[in-house]
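Please open the structure in your viewer and keep the selection panel at hand.

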Amino acid sequence: MTELIKISQGTVYDPANGIDGEVRDLWIAEGRMVDAPTQPNKKPSRVIDASGLVVMPGGIDMHCHIAGPKVNAARMMRPEEKHNGAIGSVPHTFATGTKYAGLGYTTAFDAAIPPLGARSAHEQFADTPCIDKGFYVLMGNNHYVMQSIQKNEPQKLKAFIAWLLTATKGFAPKLVNPGGVEVWKQTASGNEHGLDEHIDHFNVTPRQIVSQVATAAAELALPHPVHIHCNQLGMPGNWQTTLETMKALEGHCGHMAHIQFHSYGGGDGDENTFNSKVLQLAEYVNSHDNITVDVGQVLFGETTGMTADGPLGYFLSKLLGNKWYSHDTEMEAGCGITPIKYKNKSLVHALQWAIGLEWYLLVEDPWRVVMSTDHPNGGSFLAYPQIIRLLMDRTYRRDVLKTCHPLVSKRSTLADLDREYTLGEIAIITRAGPARILGLKNKGHLGPGADADITIYTPNENQETMFELPRLVIKGGTLIIDQGEVRQTPIGKTLHVQPEHDLDVEPDIQEWFEKHYSIQWRNYPVDASSIEQREVIS
Ligand SMILES: [Zn+2]
């Protein structure tokens, strides 16, 4: 007989279904949410008493770095963080899964996998328990993409994107410093490549890459159309490039990743003029509902910068004087890694912290702004409870602001922002919103048919305390975390897409592939049967 579980009398926050702190019962059967049984004397096989507790759907991290070749390189590169059993900013696979679940997160997406690293990423996913997973596929510096744009062959571009997502078992197209990484590989510059500067050799511009990939993704009706890491990440004055990138979408849906790192005023790399431009950018986002953002919040302390933006990794390592790693992934992508320590007394770092918070507080519609630290770039995902407190408690926020470099209050609007998030709004930016932006119909809510991914919290007036130690976490109907103790470690599903595409284009892709790649065409695609549990999202 199917086990019928009742979660009784919890205070439920389920914004996708319009429920904002109502006491009610929830029912689970076969790993999914179900309606209450219609027979009045139908007894549940198990009752979880949630009275006095807060119930939300499981958290969804839509932008983090938890798998693939660069994460593995970073794991090996940071032994100094792992002394005395510390998990460090780049935890190993098993700890990544259990620590996410320990915070009440049940789904996470790696934001930057080069196609050639797809197989390795899926192998790491198979060892990352407790959460469902997926990844975005790097294609903003892919030679076939740029060549199709140069030759004005949109049908080929569209077929290639669909083929590549299917071959890698990926979830969405990802652009990272579109064109700029290719420039870096050719000329050892590229971090400051502007949106309308031509990429030698291909004679295309980053703007063309953004607009044409967004157009193709829209025509393919992908659940998450295009995920964009803009050009000039981290550079003073980059906000105009960010604004132009939003315009380059030409009304198509697009998600701007870790927008905090792309919202800087000031000129010519000059720290003395560095300031926040969130007000200007948020105004554009507020009036254009085709655009969504995740924040990429910076938190003070030590972490690891890791990015497919090769030139940025190099730039940061020179700026900070730290060790670095760089990698070139054939015709596809690049990568850079370097340790970072964010300090509250540094004007630049403290402004980055403030700029992240401004984004949460200045985007009017919480459905279009998502919590992220760009783990581990701005800080570890383990800092999410701290961000929740910063958003819900303005007194705490102001106390932290007082410890920061004094010019932060002059160069950003943070000191003037009174807004405090409600629990319902936290539920939106950490689960319901990302589910909607990702097109995940069975996640981020607790209505009938949803995956039974549920987090139950003990209320506390200190929201950081409340969110860092959930009372219970349920994944697909199975209790996996009980007051911080790991009870079960189910492997979780891999979520991917396989859009239909024009098969007539494949011979052209194959011809190009065989001319340039170091591996055999037939060995490139990831075999679906190698993934233990997967779900195709359409
Ligand atoms: Zn990222």
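**First stop: a loop with a cis bond**

Select Pro376, which is found in the loop between strand 18 (369–370) and helix 12 (384–392). Here helices (H or I, at least four residues) and strands (E, at least two) are DSSP runs, numbered from the N terminus. The peptide bond from His375 to Pro376 is cis, with omega near 0°.

This is a predicted model, in which local features need pLDDT of at least 70 and side-chain atom pairs count only at pLDDT 80 or more, while totals for chains, interfaces and linings use all residues. Residues are numbered from 1 along each chain as its sequence is written, and side-chain values use heavy atoms, with hydrogens and water left out.

In the loop between strand 18 and helix 12, select Asp374 as well. Its phi is near 55°, a positive value in a residue other than glycine. Is Asp374 buried or exposed? Asp374 counts as buried, at 4% relative accessibility. Buried means under 20% relative accessible area, exposed over 50%, and partly exposed in between (1.4 Å probe, protein chains only).

**Second stop: Asn177**

Move to the loop between strand 9 (172–176) and helix 6, where Asn177 lies. Asn177 is not a glycine, yet it has a positive phi of about 40°. Its relative accessible area is 0%, so Asn177 is buried.

Select Ala308, placed in the loop between strand 15 (301–307) and helix 10 (310–320). Ala308 counts as buried because its relative accessibility is 3%. Now display the residues around it. Leaving aside neighbours within four places in sequence, Ala308 is in contact (heavy atoms within 4.5 Å) with Lys70, Ala112, Leu138, Val176, Val181, Gly334 and Cys335. Ala308 and Cys335 are 27 residues apart in sequence, and their C-alpha atoms are 4.0 Å apart in space.

Continue into helix 10, whose buried residues are Gly310, Pro311, Leu312, Gly313, Leu316 and Ser317. What do the buried residues of helix 10 pack against? They pack against helix 6 (180–187), strand 15 and strand 17 (333–342). Gly321 follows helix 10, and its phi is positive, near 70°.

Select Val278 in helix 9 (residues 278–286). Val278 is buried, with a relative accessible area of 0%. Apart from neighbours within four places in sequence, Val278 is in contact with Ser263, Glu283, Ile355, Glu358, Trp359 and Leu362.

**Last stop: the whole protein**

Clear the selection and view the entire model. The protein has 17 helices and 24 strands. Its radius of gyration is 22 Å, close to the 24 Å that the globule rule gives for 538 residues, so the protein is as compact as a globular protein of that length. The radius is taken over C-alpha atoms, and the rule is 2.2 Å times the number of residues to the power 0.38. Of the 538 residues, 63% count as buried.

Finally, colour the two domains, whose bounds come from an automatic or database domain assignment: domain 1 (4–57 + 444–486) and domain 2 (59–438). Their C-alpha centres lie 31 Å apart. Where they meet, 25 residues of domain 1 are in contact with 28 residues of domain 2.
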